[in-house]
Amino acid sequence: MEERRTLEVVHVQTEVTVRYKFLSKERQDPGMDLVHETTSKDISKQGMIISMRVPNQAWTVELLQRKMYLGLNLLLPAAENPVKALGEVAWMEAFEDGGETTFAGVRFKEIRSDDRDEIFRFLIRAQGRRTV
């Protein structure tokens, strides 16, 4: 009998302020110069769920094909500096009624180990507050 192992991922459903900017080597668009601000819905060391404004719905395909990325700054409570990461969109919910906002799962593609550790410390503190 084969033993299956599952990886337990520590994640917390909590709001964290996130600033993001669209990045692409292929696309040059004035809208890409804008920095957007949102909050996370759920966060882990591997990524997060955010409510994301996509100014141009044509970017959706590029985001899902990983031809466009997100430059991320996470403003974690008690962190001295923002946590910086390069994010890739793993999935997106459908846009409602032609709107510009959707929920998206964002995976951290590149993140410094110090910043990943900062996220982990935040997750441990946040879980501790929820179990008290």
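This report describes the fold, nonpolar core, strand pairing and selected residues of a predicted protein model.

**Basis of the analysis**

Residues are numbered from 1 along each chain as its sequence is written, and side-chain values use heavy atoms, with hydrogens and water left out. Because the model is predicted, local features need pLDDT of at least 70 and side-chain atom pairs count only at pLDDT 80 or more, whereas totals for chains, interfaces and linings use all residues.

**Overall architecture**

The protein has two helices and seven strands, where helices (H or I, at least four residues) and strands (E, at least two) are DSSP runs numbered from the N terminus. Along the sequence these elements follow the pattern β-β-β-β-α-β-β-β-α. Of the 132 residues, 39% count as buried; buried means under 20% relative accessible area, exposed over 50%, and partly exposed in between (1.4 Å probe, protein chains only). The protein exposes about 8,500 Å², of which carbon and sulfur atoms supply 47%; accessible areas come from the Shrake-Rupley method with a 1.4 Å probe, and for residues only the protein chains shown count as cover. Among contacts (heavy atoms within 4.5 Å) with a separation of 6 or more, residues 24 or more positions apart account for 63%.

**The nonpolar core**

In soluble globular proteins, nonpolar side chains tend to be buried together. A nonpolar core is here a set of buried Ala, Val, Leu, Ile, Met, Phe, Trp, Tyr and Cys residues joined through side-chain atoms within 4.5 Å. The largest such core has 32 residues, and those with the most contacts inside it are Phe-22, Met-52, Leu-72 and Leu-74. Two or more residues each are given to this core by strands S2 (17-23), S4 (47-53), S5 (69-75), S6 (83-92) and S7 (101-111), and by helices H1 (59-64) and H2 (113-131). Not counting residues up to four places away in sequence, Leu-74 touches Thr-17, Val-18, Ile-43, Met-48, Pro-82, Val-83, Phe-108 and Ile-119.

A pair of aromatic rings is described by the distance of the centres and the angle of the planes. Rings of Phe, Tyr and Trp (its six-membered ring) pair if their centres lie within 6.5 Å, with planes under 30 degrees apart counted as stacked, over 60 as edge-to-face and the rest as tilted. By this rule the count comes to two aromatic pairs. Tyr-20 and Phe-22 form an edge-to-face pair, 5.7 Å centre to centre with 85° between the planes.

**Strand pairing and Thr-102**

Two strands pair if DSSP finds at least two bridges between them. S4 and S7 run antiparallel and are joined by seven bridges; within this pairing, Met-52 stands opposite Thr-102. Seven bridges also join S6 to S7, again antiparallel, and Met-92 has Ala-104 in S7 as its bridge partner.

Thr-102 lies in strand S7 and counts as buried because its relative accessible area is 4%. A polar atom of the Thr-102 side chain lies 2.6 Å from the backbone oxygen of Glu-93. Leaving aside neighbours within four places in sequence, Thr-102 is in contact with Ile-50, Ser-51, Met-52, Met-92, Glu-93, Ala-94 and Phe-95.

**Loop residues**

| Residue | Relative accessibility | Class |
|---|---|---|
| Val-16 | 1% | buried |
| Val-35 | 57% | exposed |
| Arg-66 | 27% | partly exposed |
| Ala-78 | 74% | exposed |

Val-16 is located in the loop between strand S1 (11-12) and S2. The C-alpha atoms of Val-16 and Ser-40 are separated by 5.2 Å, although these residues are 24 apart along the chain. Beyond neighbours within four places in sequence, Val-16 is in contact with Thr-38, Thr-39, Ser-40, Leu-75, Leu-76 and Phe-122.

Val-35 belongs to the loop between S2 and strand S3 (36-44). The C-alpha atom of Val-35 is 8.1 Å from that of Phe-22, 13 residues away along the chain. Apart from neighbours within four places in sequence, Val-35 is in contact with Arg-19, Tyr-20 and Lys-21.

Conventions: Polar contact = N/O pair within 3.5 Å; in protein donor to acceptor, adjacent residues only side chain to side chain.
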